[in-house]
Amino acid sequence: MPTENAPRRFLLATAVPRYPHASGLDRPELTQARDDVIKLFTERCGYQLVHTLGTNPSGTQLKDALFEFCTDPDRRPEDLVAMYIASHGEVNEINNEHVLLTSEYHGNLAAALPTGELARIALLGTRVRRFLLLLDTCFSGRGGDQLVASAVQQMGTGWGREDTESGFVVLSSAQKHELAKSGAFPGLLTRAVDALAPQGMPDLSTVVQHMQDDPEKPGHQHINWHLVGLNGVIPPFLALPAPAPRPAPRVTPRSITHRTELFPGAEPPQLPDIDGEQRRKAALHLWERWTKKRRSGALLYGFSGMGKTDRVVWPLMDEARLEHKRTTVLVEAPEQRIDTPRQLIASLRKALEATGRYDLAELLAAEQRLDRALTTLLGCGVLVVIDEFQRLLDERGRPVNPVGDDLRAAVAPGRRGDGCLWLVSNQKVDPVWAMEFDPVELPPPSVEEAVRILVGAGESGEAEEWFPPERREEVVQRLGRNPFVLQLLHSLVKQRDWTLEELLPASEVPQAPDDLSLVEGIESELVAKATERLTPSARAALRSLSVLTDWADQDLVQAMTRDHGDLHELRKQLQKRFLLQIRTVENETSFSRTTRFQVHPAVREVVCVRLREDAKAWKTAHGRAGRWYARPVYAKDPSRSGDHRLALALPAARLHFTEGRLADELARMVRAVGGYLERKYGRGRYHHSLPEDPAELTARIDLMEAYLADGGTPYTHHHLAMLLRLRNTPGDLEKALVHAREATRGRSEMYPWSLRLKLVRDVEGPEATVREGRIALENVKEQRFAIYDEIAKCQVQLGRVPQALETLREGCERVKSKDAYRLADHAVPYAAAEPTEDPLVRTARWIRENPALTAQANLADVLLLQRRGLWLDSARTAKRHRTAHPKVINLAIYEAIGWLGAGDPLRAQAALDSFPDGIPNSPRPKPHEGKTWLASLIALHAGNLERSREMFALYQGVAREDNTPEELRTALLDEWDHPETRMDESNPAFVAPVLPPVVTGQLSLVVRSQYGPPVLPARR
């Protein structure tokens, strides 16, 4: 490897061994030829392989990879750059132009890639000054002539002014009229370098002569070379530097290494592509948490523009993939959500397919749950990254469920596999939720690093003029040391479009702004300036692309900009001004590269505002994007596109058709995708996950309403009714009832009828529910207990408790014995809340007649003791019965109330905590849960004020407040004594129908029916 002070060396290498449209041209030996050149340059000459090219690139991919590398701001004039291309080469007889036949070639030379164009891409407007192109094709001498001719045209007046040797060299495997033998060139070059190695720095002319004299060279073939733009001596492309000394490996016992380290014996990553102290610190934190501490989750957060993904996570993914042969996959949290878990699973499948891991993608094909999909990948050792994680956060900084629970379950301690899940967020995440992910913040760079970003590398002369030293600290502080904004400012000044004074007049206070909105304001102004000096076609292309919120494939970008000129020229203008971001993914199987594009979010916000003012352009842009995303839907058989592609297409297409007000297009798409919606939300099942995020919920409702306007099955009508009831905005319940009635048409299952009764109660009241409940009993064949239960609830709400108890008794006699306990569980507290104890005595009697209801008879005994004020006896009785019925939660609740009434809140708390599933510490406690209310009450009496506050906030579904004990006591009793519309377990008076004097402060116990009037004295 080169020493520390030696120039950096980069190798780009590609070959085209296979032609899908012209199999007669296949040359499989070119794969090995590429490998041989890579081995020579990386192992012998100290070059670093740039993984932007594999085998079989298209012409566009080849140009894009070269453009991205050469225009990267990290390029320096002293860098040594070598590029090897092995493919078929031809000369077009019409214009005598040498062309490269890339993988998409199908017989039309006019459409092939002109070889001379590579010089323009590599040199025009870039900082590349030392370039060696190894051209291994037939007639490559002709290609060399055209390359150097093109190179001369790209060399501006600044060429050669740097204090370094420069030169553009083409080394060709054949002269202009000669064929080249496939695979011969790398061997000739390797043997020449090996023979001349003792010289340390073999001259290129000597190397060429040695290749010419090689006895294994085909007789018809002559090596050719061209040189142009020489400044000083020929750059030392083939110098053989002495390897830099490596530190001695740390000595670690083998047994300990294998137990504690993921990559045993591996040295810490060098991370040459991660610049800045803060970025390196964050990167090492992520890396060591995975590889050393063996933790399966990590979280990186910081303001937008800090370089979290491109400058920290992406290089770490390359390290894992290239150095340790790990599969890595990055997906973005969806911006437009209809079904977040399915969309994330679909994104993972698509990303795995893009990397060539079709086997892993297939493992997720039938998976519906995100936690299991992630567990599968982590178990296979995959590094999974979810970017833009802030899109999934609610106002508290917690990810919406079920996604939040799924992520935590996937990284829970004790899971198998050595993969890792990284979350990347522009927003701070709730620290309690993120505890398992050990969050690390990426702060802005130091002032010194920020100045280096502003000034740029290798431009010291111009930098003095562009950014006067006396203003640098002031500028970086005012811009919040935000790397993106600093790079944007640098690009504008460097292009000589504006001066620093015009863009950012001097300020007397060189300090960071307290209000980050000030930085955002300056950022918006700079973006507006950057777009002013674009050509009209580039500005129009940017406007069209700004409607795309996610990373876009190249064919989508071409579809969006097809009216604005050559995509290559357009992207060059946009990328040069930091308006367009580019990311590539390598396929591990074919070694090909996929390029994706995104208008920077800050740029999109500014440009979209202007585009929206042009109604026609706004509609056109969204229409193009929507139709592109909807392509899998419009296929002759959409199911063949794969559900994961439809899961990604639907939300994106819906967004663009909705934003562009293209109602007809949206309706057409939804009609075409009915089969997918039935598979996902029908399929003979009534249970489907419901989104908790309001935007996601509304998006799915819109989609389902559009589909069900012209039909649908009972299952999808049921799902839409569930969605509307969950959202519950004005008019939703009425619409939900319409769909619920459609869902019960001709059906005998319990689930649609139960939902219909709930909605009738919500919309038409309890009296109507009792009537429709009797109709439901005539239709439902299985699990009729739910219908009896719904009827009884409404009878209680109407004040007809005796009728409700009779309904529950009838149900216990007519439903299956395994379901009868559900009805008896409700009969006991209904009866216990009556004015006298007689209904409870009668209820206990008929319950005891059924041998399957022993536990419920015991519940009645305990409540009867509490009705008589025997609190200690009730607690002891409940505790005794729990040994026979350990899973009956109401016995634990009544035992706790008994201890509380007996003046022993600590034993009451112990009774709650001793229940196997925990009360209320279930995985997802619900707001307005009666058991949660009870936990807060008991904690208050036990003197645990913090726990009481936490449980009461959870019960109310609001943020925790610092209530005083008396305030909490008043609020808890008000909740119990309030006429309530919520049913059963949601209601404190149902969970605790009898309260002891120690709780209420009254002289005797207090009994209240859950729908009855208040019974406590008026409280402030």
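Two aromatic rings (Phe, Tyr or the six-membered ring of Trp) count as a pair if their centres lie within 6.5 Å. With that in hand, let's look around this predicted model.

**Aromatic rings**

The structure holds eleven aromatic pairs. Ring pairs join W287, W290 and W422 into a cluster. Take W290 and W422: their planes sit at 90°, so this pair is edge-to-face. It ties together distant parts of the chain, since W290 belongs to helix α8 (residues 277-291) and W422 to strand β13 (residues 420-425), 132 residues apart. W290 is buried, with a relative accessible area of 1%, and W422 is buried with a relative accessible area of 1%. W628 and Y629 also form an edge-to-face pair, and both of these residues are buried. Here are the two pairs in a table:

| Pair | Distance between centres | Angle between planes |
|---|---|---|
| W290 and W422 | 6.2 Å | 90° |
| W628 and Y629 | 5.2 Å | 85° |

**Nonpolar cores**

In soluble globular proteins, nonpolar side chains tend to be buried together. Here, the largest nonpolar core has 95 residues, and L489, L548, M669 and L677 have the most contacts inside it. Skipping neighbours within four places in sequence, M669 is in contact with residues including A630, Y634, F657 and L703. Apart from this core lies another of 78 residues, V796 and L805 among them.

Helix α20 (residues 536-545) has A538, A541, L542, S544 and L545 as its buried residues. Seen down the helix axis, they fall within an arc of 160°, so they line one face of α20.

Key. Residues are numbered from 1 along each chain as its sequence is written. This is a predicted model: local features need pLDDT of at least 70, side-chain atom pairs count only at pLDDT 80 or more; totals for chains, interfaces and linings use all residues. Side-chain values use heavy atoms; hydrogens and water are left out. A nonpolar core is a set of buried Ala, Val, Leu, Ile, Met, Phe, Trp, Tyr and Cys residues joined through side-chain atoms within 4.5 Å. Buried means under 20% relative accessible area, exposed over 50%, partly exposed in between (1.4 Å probe, protein chains only). Contact means heavy atoms within 4.5 Å. Helices (H or I, at least four residues) and strands (E, at least two) are DSSP runs, numbered from the N terminus. The arc is that of the directions from the helix axis to the C-beta atoms. Rings of Phe, Tyr and Trp (its six-membered ring) pair if their centres lie within 6.5 Å; planes under 30 degrees apart count as stacked, over 60 as edge-to-face and the rest as tilted.
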